[in-house]
Amino acid sequence: MSANAEKQHNPLDSMMQRFDEAARLMGLDETVMNVLKVPAKSVAVNLPITMDDGSIKVFEGFRVVHSTLLGPSKGGVRYSMDVHQDEVKALAAWMTWKCAVVNIPYGGAKGGIKCDPRSMSKGELERLTRAYTLALSEIFGPDTDIPAPDMGTGQQEMAWIVDEYSKIKDQNSWGVVTGKPLILGGSLGRVEATGRGVMVSARSAMAKLQMDPTQSTCVVQGFGNVGSISAKLISMLGVKIVGISDVSGGYHNPEGINVEEAIKFVQNNPKRTLEGFTGGKQVTNAELLTLPCDILVPAAMEDQITAKNAADIKAKLIVEGANGPTTAEADPILQEKGIMVVPDILANAGGVTVSYFEWVQNRLGYYWTEERVNRRADRVMKQAFDNVYLTAQKHNTTLRLAAYIVALDKVAATFRIRGGF
Ligand code: NAD
């Protein structure tokens, strides 16, 4: 399934449809709905960058702060040619709901730069990241708005952001960004945190569905940070990974894919993709999603499970590693088929949870062991899952709408007590 073929879906509309439905189910009053529907702040910047060949290219960057009701806003920065303001708005609101679902004291934000990081040199990426940080230095801050990695960004970009911000403020300010390298105040366990949370969510859901992990199979779409770690940790539960994919296509092996080997393959491939991987038969990304399996983990990008392919999905359980991988139109089809969907704002919240731990450690100046990070993150994820599950039962609805209800309830209550102007 090509990214372009899916572009007619607007992730903001998808988010809003779920928001409206959850608000209706819980009887949220219209005044509060109107406050929470729109972002608090939305900024677009144009960044002129000197390229290696001496030319100057202008890049479009965005930062959307959806809400700071529960605390400083938190959210990743995405580098992709598909970045646009509506996408960033939807992702920012999702961050508000996500932080509320796992009960951490943050609001929601998201940022992005329209660029193709794979075609840029390290120097070009560094200049772009520093220019973006400078342009947003009045918005970013450890007590105001805290970026993190997302698609196309990682520890190196976070290191440039913390360095540039610290220079601008003339003091080392580790807490301005999370997902940093360990040497710059990063947290043990952060790199694996999102995939680990996906695994904990899958494990909790499998227990509810009485699925035996050792008799179950799983397909994972996307093999970057979230997809590869999810695949690895889910396979460590005893689940057989029968399909993986990335931008180069899908790879299917009903006998089971050796995930460690696939990770090594990508690390050693100059293209940093699965292209040429021989551990499975080649399939397209569209075919991958409808392969026979028990668990499907979409961990690539938005709008992958749609009204067009939802009816063909064979999995009993979908655990959303990516943000917004299922369109609102696909939800009722999956529900009708009795597929349990652990929604993005719950399933992939392990990343922001450990980001919060990183920020706490930066502020304490005291660093935890990996064991402590993982134990606390697993507890947060398990509690959030159980809370959402109970809410779904109470309202007789899906886990997705239940997660929205948990989040909206908390954010709305905070707004009511804080008040407007
Ligand atoms: P990443 O850049 O590390 O990996 C993305 C993967 O998706 C790559 O393997 C890429 O090849 C693949 N991909 C890209 N286009 C594809 C396509 N059309 N079909 C199939 N695969 C494709 O990004 P990531 O950090 O792993 O993020 C993946 C998703 O998880 C995003 O939706 C992101 O918002 C979400 N997420 C990430 C984190 C985090 O901590 N990194 C936390 C929460 C949610």
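**Ligand shell and open sheet in a predicted model**

Q: Why does the ligand lie between domain 1 and domain 2?
A: Domain 1 spans 39-184 and domain 2 spans 187-421. The ligand lies between them because residues of the shell come from both domain 1 and domain 2.

Q: How many residues of the shell are charged?
A: The shell around the ligand holds 23 residues, with Arg78, Asp150, Thr194, Val226 and Asn323 coming nearest. By class, eight are nonpolar and ten are polar. The charged ones number five.

Q: What percentage of the ligand's exposed area does the protein bury?
A: A polar side-chain atom of Thr194 sits 2.7 Å from a ligand oxygen, and a backbone N or O atom of Asn225 sits 2.9 Å from a ligand oxygen. A polar side-chain atom of Asn285 is 3.3 Å from a ligand nitrogen. Taken alone, the ligand exposes 820 Å², and the share of this that the protein buries is 87%.

Q: Which strands are the edge strands of the open sheet?
A: The five strands run in the order β1-β2-β4-β3-β5, with mixed pairing. An edge strand here pairs on one side only. The two are β1 (41-50) and β5 (145-149).

Q: Which residue in β2 is the bridge partner of Pro48?
A: β1 pairs with β2 (residues 56-67) in the antiparallel sense, over ten bridges. In β2, the partner of Pro48 is Val58.

Methods
Residues are numbered from 1 along each chain as its sequence is written. This is a predicted model: local features need pLDDT of at least 70, side-chain atom pairs count only at pLDDT 80 or more; totals for chains, interfaces and linings use all residues. Side-chain values use heavy atoms; hydrogens and water are left out. A residue is near a molecule or strand if one of its heavy atoms lies within 4 Å of it. A polar contact is a pair of N or O atoms within 3.5 Å; within protein, one must be able to donate a hydrogen and the other to accept it, and residues adjacent in sequence count only if both atoms are side-chain atoms. Accessible areas come from the Shrake-Rupley method with a 1.4 Å probe; for residues, only the protein chains shown count as cover. Ala, Val, Leu, Ile, Met, Phe, Trp, Tyr, Cys and Pro count as nonpolar, Asp, Glu, Lys and Arg as charged, and the others, Gly among them, as polar. Domain bounds come from an automatic or database domain assignment. Two strands pair if DSSP finds at least two bridges between them. Helices (H or I, at least four residues) and strands (E, at least two) are DSSP runs, numbered from the N terminus.
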